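Hi everyone, thanks for coming. Today I'd like to walk you through one structure, a few residues at a time.

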Amino acid sequence: MRFLLLALFTLTTLFISRQARAQWMIGGFMQGHRKASLAIIGSQESYSTYFINKTETKNPNLGTVTTQALTAVGTYGLGYDLDLIVAAPYIRTEASAGYFPKQEGFQDASATLRWEAYDYKLGKKLRLSWLFAVGYSMPIQNYVNDAMVAIGRGSKNWDGRTMLHLKGKSFFITGQYGYIRRGQVTLDHVVNYYDPSQLNPNSGSKVNVPDVTEIIVRGGYVNTWLNLDVWGQQQTPYTKGTDIGPGIPFPTNAVGFTRLGATAYLRLAKQFGLTAGYNTIIDGRNVGKSSQINAGLVIGHWTANN
Amino acid sequence: MQPVGHVTATTMRLFFVRITLGALLVWVAGCSEPTIDEGVLPFIVPTSTDADGGSWKTVVLKAATDISVPQPLATTSAAYQQELADVKNGVLAATPEQNTAVNYWAYGAVLRWNQIARQLVAKYNVAPGYDYATGQTTPAESANPYAGPPYAARVYALLSAAQYDALVVAWRAKFQYNRPSLEQQGVISRAPVLDVPSYPSEDAAVAEVSCQVLAYLFPKEEAFLKAKATEHKQSRIWAGASVPSDVKAGEALAATLAPKVIDRVKADRFGAANDPTNTWQTALAKAPYDQKWTSLEIPARAPILPLAGKVKTWYDSTSIAKLVPAAPPATTSADFQKALSEVRDIATARTRDQSRIASYWDNGPNTYSLSGLWNLLTEEFIRENGQNELRAARTYSLLNRAMQDATTASWRTQYTYFVPRPSQIDPTIKTATVIPNTPSYVSDRAAVSSTAATLLSYLFPSDATKLTAQATEASLSGLYAGTHYRFDNDEGAKLGTAIGQLAVAAAKADGAK
């Protein structure tokens with residue numbers, strides 16, 4: 001189950017990653033010592049409305065932007081309280097109108113260590129665990145990062161988060177708070193937009209990418225064969241950023257969003273299951289107001305309901 | 001029961017992992033973004049004083065003698081000795097803020113004002129936008145109906161010409177009156193100072209003329225510019241480079257020059273370049289080409305500055321008018337189809353490096369424009385070659401006037417033939433950069449870059465190979481982007497090279513060695 005969660009989280013956000021990047025969600029279920037799983041998830045996401053800062057707009061020269069992704073996520077239990085999670089997506093994105101070229105390629109690979117620091121029994125049926133995770137992600141290839149239609153923003157990121165995970169016999173609820181530190185990006189051109197407080201004409205091609213904080217709350221039903229859950233995710237720019245506009249590098253934009261989603265997992269065999277999900281952005285900042293559907297296969301050890 | 005040794009190893013491993021994770025978490029959270037700035041730049045030490053600079057041919061003025069600089073007080077006078085003593089004490093008592101200003105401006109007066117101009121162009125090079133919700137043109141705060149490459153090129157040309165004339169006048173007075181530099185009078189300055197007579201101050205002349213010309217071109221920035229100019233002038237006194245009477249004289253000569261430059265600004269026909277009565281539609285109907293350009297934006301918009309091809313040129317207007325190339329191959333011809341296929345093939349299989357080149361040379365809307373990029377690139381040559389203020393101003397004046405003329409000639413060609421962009425003929429051609437809302441032929445970026453490289457290769461011969469490679473890459477960038485045919489680039493480069501040669505001829509004849 002943890003695998004499933006992981007998978008779901010992954011697909012939910014990874015694909016959206018066009019602007020939100022490959023920040024995928026990590027769940028509160030641990031994998032188990034020396035147990036492994038692999039999820040392959042396909043997703044499709046589109047938007048025709050996007051936010052310039054917080055104002056909704058449409059662009060007839062852009063039309064609808066559709067992004068498809070295929071992501072592999074592997075999880076392995078290094079110890080009973082320590083998991084390694086790796087993920088890599090292949091992404092294709094395209095606009096229906098105008099002359100923006102399609103972009104396609106491997107986006108950012110990520111590796112995360114998740115540590116279950118404390119585990120308490122609350123009464124006979126409840127367990128509360130407190131987890132920490134640290135992850136790193138970086139582009140697999142040098143994709144175009146400064147365009148309206150792009151597969152990612154090209155920064156190398158550190159991700160630190162902590163989670164509280166409460167699990168009963170057939171339900172769970174997880175709350176987490178994370179901080180994503182985004183490294184600098186080198187653009188293809190010299191930065192020359194006007195922002196005297198941040199840049200000067202000799203600053204070259206390097207720009208800062210705003211860091212973000214993230215809150216995720218997720219809860220649902222689990223049993224041996226089925227998992228259903230709903231979740232909400234909010235990313236907020238932590239450091240100063242720009243707004244989408246001509247001449248302004250896309251990586252420097254302050255990106256945030258509030259996203260609601262639901263996921264389902266169905267276990268078909270002991271080591272095999274299917275997952276599917278839907279999620280949508282209800283509010284955002286410098287991001288597409290997108291909706292996504294996804295589906296995938298989960299192979300390996302599924303432990304959410306052990 | 002597990003062996004004791006094993007337990008210890010496992011415990012140690014987990015302990016290590018926990019410590020590491022904990023440390024990473026603390027490190028990751030709560031950082032602030034790194035400051036991106038220019039770092040600490042080494043000062044350039046000019047290699048020549050150009051003592052004959054006062055006799056160099058001026059641009060807006062007929063000659064340096066048009067402006068007379070009054071004779072300074074003798075260095076033996078009590079008033080001067082008092083000024084000198086005050087400066088000496090001031091240097092010793094400089095505050096950290098004053099030192100920051102000293103170091104900022106010691107980078108170079110011409111270079112700093114060129115940077116300021118680039119920043120302002122980037123801020124105001126904003127065409128009125130389109131609001132999907134209302135279907136109306138948005139009145140963005142800085143929306144500028146003149147935004148576009150001709151707008152940017154004109155700002156740099158006017159600023160550089162004004163700076164150059166101001167410095168020629170200053171140089172003439174310096175060597176006419178020969179007031180010794182402060183260094184020769186025992187002042188230890190806080191930054192390198194060119195060993196030329198100190199009266200009048202070249203920095204004050206550049207500051208004042210730049211401030212006045214830019215304030216005329218960017219009226220909303222007057223307060224910002226005045227503050228910059230005041231700081232600049234003061235910084236030279238704090239640095240121990242000038243006494244107040246040097247600064248005052250530099251300021252006064254610039255104040256006499258500025259209105260003459262502004263007269264040139266008013267008379268250059270740029271004011272009509274945005275064609276408010278839409279005469280371009282008649283020109284489009286009469287265009288001698290078999291297919292007519294149309295805007296590819298949704299909704300369609302009038303092209304950028306249709307009459308910018310009629311702007312007054314800096315170099316010989318008759319020669320430039322003759323350089324306008326003949327019409328490109330008709331769209332029905334095999335040559336055209338071949339050119340179109342080439343654009344299509346590149347657009348279908350564009351490499352990452354081609355995207356990078358397209359982006360690097362694009363400098364589209366809301367940037368300081370391609371001419372601004374060439375100003376940035378030239379900064380490096382000026383510094384590497386240790387050019388003094390007068391030389392630097394001459395370099396920029398020759399360059400920016402030539403680039404404005406290349407832009408003007410490109411515009412004239414574009415609005416003669418109204419050749420459609422490749423994507424208009426074949427909408428499957430997707431472009432790496434936004435398609436400029438102008439006709440395709442000729443490529444102004446090929447023209448401007450070839451002009452710049454031709455002139456700069458003459459001024460900096462040791463960099464000629466690099467410059468030629470840059471111009472070639474810039475010319476090809478439109479093809480890589482999918483916004484230009486190869487013939488746009490080739491003819492643009494030819495046009496630009498010819499204008500660059502006009503500038504080289506002017507450089508050979510202006511009296512500078």
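This is a predicted model: local features need pLDDT of at least 70, side-chain atom pairs count only at pLDDT 80 or more; totals for chains, interfaces and linings use all residues.

Let's begin with B:Ala143. You'll find B:Ala143 in chain B, in the loop that runs between β2 (136–138) and α5 (149–177). Now look for B:Tyr124. Along the sequence, B:Tyr124 and B:Ala143 are 19 residues apart, while in space their C-alpha atoms are 6.9 Å apart.

Next, aromatic rings. How many aromatic pairs does a search of the whole structure find? Over all chains, there are 26. One of them joins B:Tyr177 and B:Tyr199: the pair is edge-to-face, with 6.0 Å from centre to centre and 70° between the planes. This pair links distant parts of the chain, since B:Tyr177 belongs to helix α5 of chain B and B:Tyr199 to the loop between α5 and α6 (202–217), 22 residues apart. B:Tyr177 has 22% relative accessibility and so counts as partly exposed, whereas B:Tyr199 is buried, at 5%.

Here is another pair, B:Tyr360 and B:Trp361. Their ring centres are 4.9 Å apart and their planes are at 85°, so this pair is edge-to-face. B:Tyr360 and B:Trp361 are both buried.

Over in chain A, five residues form one aromatic cluster: A:Trp115, A:Tyr118, A:Tyr120, A:Trp130 and A:Phe132. A:Arg267 lies over the face of A:Trp225, 5.2 Å from the ring centre. In chain B, B:Arg112 lies over the face of B:Tyr104, at 3.9 Å from the ring centre.

Finally, let's zoom out to the domains of chain B. Domain 1 covers 53–70 + 84–266, and domain 2 covers 278–509. Their C-alpha centres lie 29 Å apart. Where they meet, 45 residues of domain 1 are in contact with 37 residues of domain 2. About 3300 Å² is buried between these two domains, and carbon and sulfur atoms give 67% of that area. On the domain 1 side, B:Trp56, B:Arg118 and B:Arg264 lose the most area to domain 2, together 18% of what that side buries.

How many salt bridges does the rule find across this interface? It finds 1. And do look at B:Arg118 again: its side chain meets that of B:Glu379 in a salt bridge, at 3.0 Å from N to O.

Terms used: Residues are numbered from 1 along each chain as its sequence is written. Chains are lettered from A and ligands numbered from 1 in the order in which they are written. Side-chain values use heavy atoms; hydrogens and water are left out. Helices (H or I, at least four residues) and strands (E, at least two) are DSSP runs, numbered from the N terminus. Rings of Phe, Tyr and Trp (its six-membered ring) pair if their centres lie within 6.5 Å; planes under 30 degrees apart count as stacked, over 60 as edge-to-face and the rest as tilted. Buried means under 20% relative accessible area, exposed over 50%, partly exposed in between (1.4 Å probe, protein chains only). A charge sits over a ring if NZ of Lys or CZ of Arg is within 6 Å of the ring centre and within 35 degrees of the ring normal. Domain bounds come from an automatic or database domain assignment. Contact means heavy atoms within 4.5 Å. Buried area is the accessible area (1.4 Å probe) that two parts lose on being put together, summed over both. A salt bridge is a side-chain nitrogen of Lys or Arg within 4 Å of a carboxyl oxygen of Asp or Glu.
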